[in-house]
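Visitor: I'm new to reading protein models. Could you walk me through this one?

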Amino acid sequence: MSAGGPEAEIARIAAKAAHERDTAAAGLHVGQALRRKEDPRLITGRGRYVDDLTLPGTLWAALVRSPEAHARIVSIDSSQATERAGVHGVFTGQDMTNLQAPLPMAWGPPGVEVRNPPHWPLARDKVRYVGDPVAVVIGEDRYRVMDAVEDVLVEYEALPAVVDPEAALEEDAPLVHEELGTNKIHEWPLEGGDVEQGFAEAEVIVERRVVNHRTSGAPIEPRAVLADYRAGSVTVWSSTQIPHYTRLFLALMLGISEEKVRVIAPEVGGGFGAKLQIYGEEILIPWCSRRLGMPVKWVETRSEHMATSHHGRDQIAHVRMGAKRDGTITAWHVRILADMGAYNMFLTPLIPSLGAFVMGGCYAIPNVKTEIVGVFTNKMSTDAIRGAGRPEATHMVEVTLEQLAQELGMDRLELRRKNFIPEDAFPYQSATAVVYDSGDYEKTLARLLEHVDVDAFRREQEQARRQGTLRGLGFSTYTEICGLAPSRVAGPPIVGVQAGFWESAMVRVHNTGAVTVYTGSSPHGQGHETGFAQIAADRLGVDPSVVEVVHGDTGFGPEGRGTYGSRSLAVGGESVAQAANQVAAKAKLIVAHKLEAAPEDIELRDGKFAVRGSPDKGMSLADVAGEAYLGIDLPEGMQPGLEMTNFYEPENFVFPFGAHACMVEVDTETGKVDVVRYVAVDDCGPAINPMLIAGQVHGGIAHAIGQALYERIAYDENGQLVTGTFVDYALPTAAELPSFETDRTETPSPVNSLGVKGVGEAGTIAASAAVTNAVIDALRPLGITYINMPLTPMRVWEAIQEAQNGGAAA
């Protein structure tokens with residue numbers, strides 16, 4: 001035993017395992033496409049969502065929401081509503097003055113002024129977007145309270161609204177927050193190298209106005225909250241991605257000691273960032289439960305979700321890319337105007353900056369500058385939606401690069417290859433001082449071209465054009481920054497998020513050898529219960545079927561940070577691996593003691609902790625657990641039990657990458673775009689479960705194709721939402737999408753012992769540029785050289801008509 005006792009020896013053995021990537025290579029489960037453990041209950045209707053939960057005496061809540069985009073609240077008359085049978089109360093913002101703080105905004109970068117007016121769960125004096133809540137009705141029946149909402153009479157004094165972010169910065173623009181004297185939220189730059197010198201050296205400069213329009217997360221399950229306050233404590237069930245943060249801010253805002261707050265995220269039917277938020281309803285419903293002394297429940301309608309769950313994207317970028325005639329890119333400058341909507345929410349002003357950190361993409365561009373201006377408008381707030389700043393950045397880079405290739409008369413793949421960061425340059429420090437962990441961009445592009453015969457496509461394209469059909473081929477080669485994140489970088493000192501970004505795990509072996517893993521990561525479709533079970537099982541010598549993964553409940557397990565930014569596996573999974581290594585290390589000490597062997601001679605083989613060279617001398621995990629819990633004959637100084645808790649703080653982000661290709665057909669009569677083939681090659685490091693990777697990539701591609709061709713949150717000039725239902729907001733279905741063809745390469749990350757990188761946002765980050773480039777490629781014979789998303793039939797048809805009539809289509 002080492003001088004530090006059992007704890008030091010456990011740490012030594014676990015650390016050795018963490019640095020040996022092949023520790024679990026002899027296992028049977030990591031790398032296998034095991035079916036998801038979650039799916040049987042979900043596909044047979046046995047999942048438990050917030051809407052499935054009802055407590056005795058539960059009351060229902062419905063919200064009175066503003067029909068005005070901008071108005072003063074003159075008066076609120078709730079007398080008719082309170083007289084309705086079964087209504088227990090109507091509350092307004094003036095009733096909630098006992099809140100300890102407004103809703104949180106967690107970003108405050110050093111040296112940057114971020115204007116952040118207070119945002120309350122119920123509006124107090126003014127409403128600032130359609131859907132802004134002004135009152136809540138509580139009653140015994142869901143439909144009765146929705147009827148009672150109509151009885152609450154609110155008198156508004158309408159004010160001018162501003163919905164165009166460019167117009168919002170004009171001198172005479174209506175002010176969303178009059179007390180600020182401006183609609184500008186902040187200015188944030190990030191520069192590396194000398195951009196102006198880079199443009200001076202350029203022989204060709206391409207400039208474009210790139211629009212990344214507003215979208216909705218649109219998960220299958222809208223938001224829902226159930227709260228039960230009793231005896232000074234409150235339990236809240238919420239469809240959230242961040243239960244531990246929700247608990248924290250509930251405690252702070254309601255003035256309740258944090259240990260008396262429990263938040264449970266049961267099944268979460270999709271999040272996509274839309275549930276990475278501290279919403280007013282998550283504070284309001286527990287407040288009502290405390291006020292009335294009864295459980296209160298609220299379930300968002302689909303139209304409420306479209307209007308009042310935060311939106312994503314909504315950036316206008318003016319971009320310039322400079323290059324030599326041989327294709328060497330010398331400078332890249334992006335000026336982003338980001339429409340933040342009416343309020344700063346949890347991470348609202350941060351989101352565009354996340355793209356700035358990888359604005360150079362997978363290219364060795366020596367001079368890069370991003371300038372971001374955030375602006376208030378009379379619309380719902382924007383915040384993180386799948387990819388959160390990275391899809392916008394990749395879209396800018398990849399679309400502009402293909403524009404540059406056309407200007408140079410150069411093959412767009414050769415232009416990419418000429419500027420790729422070479423494989424032997426990793427770890428690579430970009431112009432903006434971001435260190436990319438690993439990459440091999442040539443390899444993924446080469447693998448893609450094994451599936452896509454460009455020359456054959458060009459022949460088919462020409463033949464189709466002669467027959468009156470326009471076909472196009474577009475590419476996107478990307479990298480992204482994810483695995484959020486090293487706290488020393490993403491936290492207050494540098495990026496400015498007022499939080500740490502570690503993740504926790506606790507691995508408990510029961511007396512029988514069954515295992516429970518508690519994770520601070522909180523899934524909403526990613527497959528944690530399967531992937532994390534595979535990781536733990538191989539390190540402990542058991543089958544994943546006996547590993548239960550517990551998540552989403554602040555009443556069990558250690559403090560956690562939640563799921564977002566493709567961090568689940570690279571941070572949460574690594575924490576599970578380290579905790580399991582620590583348990584295995586303790587098991588080895590116990591086995592060495594019982595079998596009178598040296599700890600370093602104990603290895604995990606064929607489901608047993610055995611003495612190296614003596615396969616018959618060994619103990620199963622159940623045998624070890626029995627000794628650990630009996631506690632009679634353990635190594636000197638060792639405590640009984642067999643469980644370990646781990647907090648993992650990553651040293652760096654991780655940087656997955658890939659190459660995508662999209663083939664489209666465009667109907668010149670209607671402008672309709674059909675995606676006829678989509679091929680994706682992604683690299684997220686070694687696979688834990690290839691089936692989970694495929695599912696994430698498929699979903700991500702569908703999400704981005706939806707934005708590129710169909711989806712758009714639209715407001716009219718008066719701030720009225722005109723895409724408030726799925727009748728108006730077009731989500732793609734299986735009928736609009738081809739069967740995606742996917743492949744992978746594996747380039748391990750040196751950041752974590754698993755070698756893994758995130759993949760949940762990869763498809764979304766890559767695909768919108770591939771689709772847009774394909775449509776432009778199809779339309780180029782007509783003289784159309786550029787078009788912005790969304791590439792709806794109307795927009796494409798108008799561009800075709802303009803080109804055919806001799807207009808300046810570009």
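Visitor: How do the residues of the lining of the second largest cavity divide into nonpolar, polar and charged?

Guide: Some ground rules to start. This is a predicted model, where local features need pLDDT of at least 70, side-chain atom pairs count only at pLDDT 80 or more, and totals for chains, interfaces and linings use all residues. Residues are numbered from 1 along each chain as its sequence is written, and side-chain values use heavy atoms, leaving out hydrogens and water.

Guide: A cavity is a set of points on a 1 Å grid over the protein atoms alone where a 1.4 Å probe fits but cannot get out, and lining residues have an atom within 4 Å of a point. Ala, Val, Leu, Ile, Met, Phe, Trp, Tyr, Cys and Pro count as nonpolar, Asp, Glu, Lys and Arg as charged, and the others, Gly among them, as polar. For the second largest cavity, that gives ten nonpolar, four polar and no charged residues.

Visitor: And what does the lining of the largest cavity look like?

Guide: There you get eight nonpolar, three polar and three charged residues. The largest cavity has a volume of about 110 Å³, and of its 14 lining residues, those closest to the centre are His 119, Tyr 129, Pro 133, Gly 280 and Glu 281.

Visitor: Which residues of helix 18 are buried?

Guide: Buried means under 20% relative accessible area (1.4 Å probe, protein chains only), and helices are DSSP runs (H or I, at least four residues), numbered from the N terminus. In helix 18, residues 621-630, the buried ones are Leu 621, Val 624, Ala 625, Glu 627 and Ala 628. They sit on the same side of helix 18, because they cover an arc of only 165° around the axis. Among the elements covering them are helix 16 (528-540) and helix 17 (568-595).

Visitor: Is Asp 151 buried or exposed?

Guide: Asp 151 has 16% relative accessibility, so it counts as buried. You'll find Asp 151 in the loop between helix 4 (142-149) and strand 6 (153-158); strands are DSSP runs too (E, at least two residues). Contact means heavy atoms within 4.5 Å. Beyond its neighbours within four places in sequence, Asp 151 is in contact with Asp 77, Gln 80, Ala 81 and Arg 84.

Visitor: Where does pLDDT stay under 50?

Guide: pLDDT is the predictor's confidence in each residue, from 0 to 100. The chain's mean is 96, and 98% of its residues reach 70 or more, but residues 22-26 stay under 50. Where pLDDT is low, the predicted coordinates should not be read in detail.

Technical notes: Buried means under 20% relative accessible area, exposed over 50%, partly exposed in between (1.4 Å probe, protein chains only). The arc is that of the directions from the helix axis to the C-beta atoms. On a 1 Å grid over the protein atoms alone, a cavity is a set of points where a 1.4 Å probe fits but cannot get out, and a pocket is an open set with protein on both sides within 12 Å along at least five of seven lines; lining residues have an atom within 4 Å of a point. Grid points are joined across faces, edges and corners, and a volume is the space filled by probe spheres set on the points.
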